[in-house]
Amino acid sequence: MRPTLVVINGEQYWQRYFPEYEVVFRRLQECSWVLRGGDLWCVSRESATRLDGVLWRVGAIRPDPRHRATLELIRLSGVPCSNPASVLARCHDRLSMLAEMREAGLPVIPFDAALGDDMLRRLERPVPFVVKVGNHHAGLGKALVRDAGAWPEIADLLFAADDYAVVEPFIDYERDVRCLAVGERMWAMTRASAGWKANVDTRKYQVIDPPPELAEHTRRAMRHLGADVLGLDFLQAKDGAYTLLECNDTPGLSGFPEELREDVAECLRVRMLQRL
């Protein structure tokens with residue numbers, strides 16, 4: 001009987017990278033989980049499946065506390081996961097991700113944060129600045145404050161979100177660079193978008209040689225977290241200085257060379273073979 005691998009919120013093309021496994025595709029939002037007798041089960045409307053491996057490709061979905069609990073169940077089960085469930089848990093939330101990057105000694109964008117009723121107003125800074133609410137991805141929950149007079153109304157509106165907020169300076173960047181590492185290999189990409197959100201509505205992109213400074217930052221983050229796959233997003237200001245916006249433990253792979261997907265699959269295959 002072939003080992004079973006579940007791809008969580010991933011593309012159907014992953015099937016061809018795991019010909020030796022029974023590959024099932026599930027959406028995190030529609031799954032339940034059971035850890036019983038050391039076995040991890042993923043339960044959906046289709047079936048209850050005992051798992052031998054997990055390929056975690058969860059991206060821009062609405063955060064839910066159960067998602068963090070799912071990662072801890074995977075971690076407790078010992079079922080191989082890529083990235084490892086411990087890495088995904090450490091970077092699951094924006095605040096924890098920022099804390100990890102600071103602890104790794106990387107040039108994280110300066111920010112202030114607030115949690116609690118009417119605390120957001122205390123974060124006002126010279127315009128323009130960016131406010132990010134909660135743990136959303138893909139440009140969601142983010143706003144650019146261009147006019148100081150508009151900030152009180154925006155703060156009032158964000159009060160309804162009932163979540164923490166982070167405020168950052170707006171960087172009038174020269175270019176946006178994603179540095180993406182899989183195992184020992186690394187790629188980089190410059191991206192240009194239609195608006196101020198560097199990684200949203202990408203109009204053009206170009207794969208480039210990783211700038212040495214960013215490559216070193218990415219390797220340091222990989223070592224710090226123990227990650228298989230990691231994407232770091234940087235903005236380069238007009239004076240050439242780089243600032244780290246965030247790290248992505250489940251980075252998008254679109255636009256990168258095809259062999260990168262094979263490398264991602266190989267990382268999980270190695271982990272699964274080590275456990276068999």
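This passage looks at the overall build of the protein chain and then at one of its pockets.

The model is predicted, so to speak of local features takes a pLDDT of at least 70 and side-chain atom pairs count only at pLDDT 80 or more, while totals for chains, interfaces and linings use all residues. Residues are numbered from 1 along each chain as its sequence is written, and side-chain values use heavy atoms, with hydrogens and water left out.

The protein chain holds six helices and 16 strands, taken as DSSP runs (helices H or I, at least four residues; strands E, at least two) numbered from the N terminus. Its C-alpha trace spans about 65 × 45 × 35 Å along the principal axes. Buried residues (under 20% relative accessible area, 1.4 Å probe, protein chains only) make up 50% of the 276 residues. As for contacts (heavy atoms within 4.5 Å), 61% of those with a separation of 6 or more link residues 24 or more positions apart.

Turning to the second largest pocket, its space comes to about 250 Å³. A pocket here is an open set of points on a 1 Å grid over the protein atoms alone, where a 1.4 Å probe fits, with protein on both sides within 12 Å along at least five of seven lines; lining residues have an atom within 4 Å of a point. The volume is the space filled by probe spheres set on the points, which are joined across faces, edges and corners. Helix H4 (residues 151-159) gives the largest share of this pocket's lining, four residues.
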